[in-house]
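Below are my notes on the model, as numbered points.

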Amino acid sequence: MEKMEKDAAREEIDSIDSEMIDLLSRRIELARKIGDLKTAASEEIYAPEREFKVFQNLVKKNSGRIDEKALKAIYREIISASICAEKKLKVSYLGPKATFTQQAALKKFGSSVGYMPMPSIHDVFASVDAGDSDYGVIPIENSNEGSVLHSMDMLAESSLFIVGQVYMPIEHCLISRGSIDEIKKICSKDQALGQCRGWIHRNLPNAELEAVASTTAAVKLAADNPYIAAVASSIAADYYSVPVLERNIQDKKDNQTRFLVIGKKPVPQTAGVQYKTSIVFSLNNRPGALYDVLLPFNRANIDLTRIESRPSRQKAWEYYFFMDFLGHWDDDNVRYALSELQRTLPMTKWLGSYPV
């Protein structure tokens, strides 16, 4: 009896799978049709605002019946396949393969698009700007170590726009072919070493620290030398077949990194979507200048989520200020605040508005 019940349930699952394939095929065919219409209208194939609404609607329709994280992961791949039916997108990212940035790109775009690892953040920008890739993914800030300065500099100098963001929980591992007692040097990206500073000081206080281009580059070094350990992800360890000696060595267990998606065209405003906007500006050198910048945002009831200064690289002791706030560039209250800035500041640049 039990076997008959299992067989009957399996037959029903097979029938459901057939229906799902038919429906997925129909969905992808409709996506292909939409892609043709977008191409004819010279519109961007990837529409982050539409993707936001799809996920929003799924959560509402689901009503808790399916685990939300699992539902989003399933639809991430369905949407990825649908996008590729419209056009085979190419996405560049800070490489090499198996970096956290690649993981963020996969989380954002799924496995159906084409990926291009780049040796530097500058190369990611150059690839998108030249049209070799449609979009790029770069790290911008970590919850514990702060901003990625090269990314900030490139955003200020480039004509590209921010079109999306991805938050990734970051779990660092100590990776080496040797034993922990043999380790003489620890290599990783400077931000990763900083995120594990306390653990390293407690457990390997005499090890030399060396910053390298990426966490994956560190794993490659560890693969060739048993006296070197890398701080990187377990995925990178698996990819290059180097053993993990210790897991979760980051000092803060809620460690997260925010990544940005960059593209050539800004994201248009769509009703029902919550946006974040990023700008960069410079100040007149006078008392109260920053206070005067903040006043219009206060009057317009705009929620500022981040403000940070950075040397402009144009003139000694001249600074750019990077600001994130909730709202779209085309919102009335945002336009009011920014018109006040543009009227008085030497430089104000819109970096992009994108779904939260």
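1. Leu 294 sits in helix 11 (helices are DSSP runs of H or I, at least four residues, and strands are runs of E, at least two, numbered from the N terminus). Leu 294 is partly exposed, at 32% relative accessible area (buried is under 20%, exposed over 50%, partly exposed in between, with a 1.4 Å probe and protein chains only).

2. This is a predicted model, in which local features need pLDDT of at least 70, side-chain atom pairs count only at pLDDT 80 or more, and totals for chains, interfaces and linings use all residues. Residues are numbered from 1 along each chain as its sequence is written, and side-chain values use heavy atoms, without hydrogens and water.

3. The whole structure contains four cavities of 30 Å³ or more (a cavity is a set of points on a 1 Å grid over the protein atoms alone where a 1.4 Å probe fits but cannot get out; lining residues have an atom within 4 Å of a point). A volume is the space filled by probe spheres set on the points, which are joined across faces, edges and corners.

4. The largest cavity has a volume of about 250 Å³. Its lining has 19 residues, and those closest to the centre are Phe 100, Thr 101, Pro 139, Lys 189 and Gln 191. At least two lining residues come from each of helix 4 (100–109), strand 3 (135–142), helix 7 (190–195) and strand 11 (256–263).

5. The second largest cavity holds about 70 Å³. Among its 13 lining residues, Leu 155, Ser 278, Arg 306, Asp 324 and Leu 351 lie nearest the centre. Strand 14 contributes the most, three residues.

Definitions and conventions:
On a 1 Å grid over the protein atoms alone, a cavity is a set of points where a 1.4 Å probe fits but cannot get out, and a pocket is an open set with protein on both sides within 12 Å along at least five of seven lines; lining residues have an atom within 4 Å of a point.
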